[in-house]
Amino acid sequence: MKKLKSILVFSFAALVLVSCNKEDETVDQSSNGSLKVTQDVLDKISSLSLNNKDVQVIKNTRLDGTTEDAYLIEGCIVMTKDQLSKMDLHGGITTEQYRTTNLVSAPRTIKVVGLSGTGTTALTTNMRAGLQAAINRYNNLGLSINFTLTFSSSTSGANIVVRRQTGSAGGVAGFPSGGAPYNSVTLYSGLDSYSTGVNAHVAAHEIGHCIGLRHTDWFSRQSCGQNSNEGTAGVGAVHIPGTPTGYDSTSYMRACFSSSETGAFNSNDVTALNYLY
């Protein structure tokens, strides 16, 4: 193995920071549905070195249009009860970039399908351009995983399906399982009012989650204007040589993004991706 964003808006000198999920997700705040946020669930989330604060139950739409109860963790990570129960840490967190130990088996080619057509889930022109730019940036790194991208209304053979859903700017995804990437990325329609660079940033960020990456500012959520440590659940977060030990203000895996994003990876992102893949 190679070396290893509720929309919150803050205004700092006209800089808009947006979290990677949306505020108006259908959320079961009272946990009256079939899925409950119990102490056992919170303990399990914490054991995975994920933030167990403000865990919510949502109605997640599957690729076939049906819905399922799922947990929304850290604002943009979707995990079903089954996925949560099967995820474990083996050896702890080993990067400052903060990833899960559920990674994608490599080498492999990951087939990405961006939904097209006339339906409500079809990506807009802006979203498609952003997604294409994100895929190009990953492939230009020469990693042991590479991506193919097609725009189609058919999801046959897809490893990751990227779709649009009505909502504020941002997106959601999940973590790998069984050596395979998480199978979908949802981009919210509010993104269409942002630049192609922002769309590329969010698409790359959510794909980053799909292949096992965590937020780089887990220790502060500083990119969201916060000062809250997501916690490492006692397993640590070991620094990667060549990457900063403190806040990395330009990483594409920051918890929140700005309206001036270009979608580019910084040198520390490249170091982390090369370490993993």
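**From a hairpin turn to the core**

At 34% relative accessibility, threonine 66 counts as partly exposed, because that class runs between the buried limit of 20% and the exposed limit of 50%. The model is predicted. Threonine 66 sits in the loop between β4 and β5. Beyond residues up to four places away in sequence, Thr66 touches Asn60 and Thr61.

Now take the two strands on either side. Strand β4 covers residues 56-61 and strand β5 covers residues 67-73. They pair in the antiparallel sense, over six bridges. Together β4 and β5 make a hairpin, with five residues between them. Glycine 65 lies in the turn and has a positive phi of about 95°.

Is leucine 35 buried or exposed? Leucine 35 has 7% relative accessibility, so it counts as buried. Setting aside neighbours within four places in sequence, leucine 35 is in contact with Val57, Asp69, Ala70, Tyr71 and Lys81. Take tyrosine 71 from that list. Leucine 35 and tyrosine 71 are 36 residues apart in sequence, but their C-alpha atoms are 8.3 Å apart in space.

Asparagine 60 returns in another setting. It is one of the residues that line the second largest cavity. That cavity holds about 30 Å³ of space. Its lining also includes Val78, Arg163, Val172, Ala173 and Gly174. Tyr182, Ser184 and Thr186 belong to the lining as well. By class, the lining has four nonpolar, four polar and one charged residues. Rolling a probe the size of a water molecule over the atoms shows where such empty space is left.

Next comes a sheet. Five strands form an open sheet with mixed pairing, in the order β8-β7-β9-β11-β10. Which strands are at the edges? They are β8 (145-152) and β10 (171-172), and each pairs on one side only. Further in, strand β9 (residues 160-165) pairs with strand β11 (residues 184-188). The sense is parallel, and the pairing spans five bridges. Glutamine 165 has tyrosine 188 in β11 as its bridge partner.

One runs between α2 (81-86) and β7, and proline 107 lies in it. The peptide bond from alanine 106 to proline 107 is cis, with omega near 0°. The other loop joins β7 (108-115) to α3 (125-139), and threonine 124 lies there. Why does threonine 124 count as buried? Its relative accessibility is 18%, and buried means under 20%. Apart from residues up to four places away in sequence, threonine 124 touches Arg164 and Asp192.

The last stop is the nonpolar core. In soluble globular proteins, nonpolar side chains tend to be buried together. Here the largest such core has 57 residues. Tyr138, Phe147 and Ile211 have the most contacts inside it. Helix α4 (residues 196-210) gives the most to this core, with six residues. Which residues does tyrosine 138 contact, leaving aside neighbours within four places in sequence? Among them are Phe147 and Ile211.

Terms used
Residues are numbered from 1 along each chain as its sequence is written. This is a predicted model: local features need pLDDT of at least 70, side-chain atom pairs count only at pLDDT 80 or more; totals for chains, interfaces and linings use all residues. Side-chain values use heavy atoms; hydrogens and water are left out. A nonpolar core is a set of buried Ala, Val, Leu, Ile, Met, Phe, Trp, Tyr and Cys residues joined through side-chain atoms within 4.5 Å. Buried means under 20% relative accessible area, exposed over 50%, partly exposed in between (1.4 Å probe, protein chains only). Helices (H or I, at least four residues) and strands (E, at least two) are DSSP runs, numbered from the N terminus. Contact means heavy atoms within 4.5 Å. On a 1 Å grid over the protein atoms alone, a cavity is a set of points where a 1.4 Å probe fits but cannot get out, and a pocket is an open set with protein on both sides within 12 Å along at least five of seven lines; lining residues have an atom within 4 Å of a point. Grid points are joined across faces, edges and corners, and a volume is the space filled by probe spheres set on the points. Ala, Val, Leu, Ile, Met, Phe, Trp, Tyr, Cys and Pro count as nonpolar, Asp, Glu, Lys and Arg as charged, and the others, Gly among them, as polar. Two strands pair if DSSP finds at least two bridges between them.
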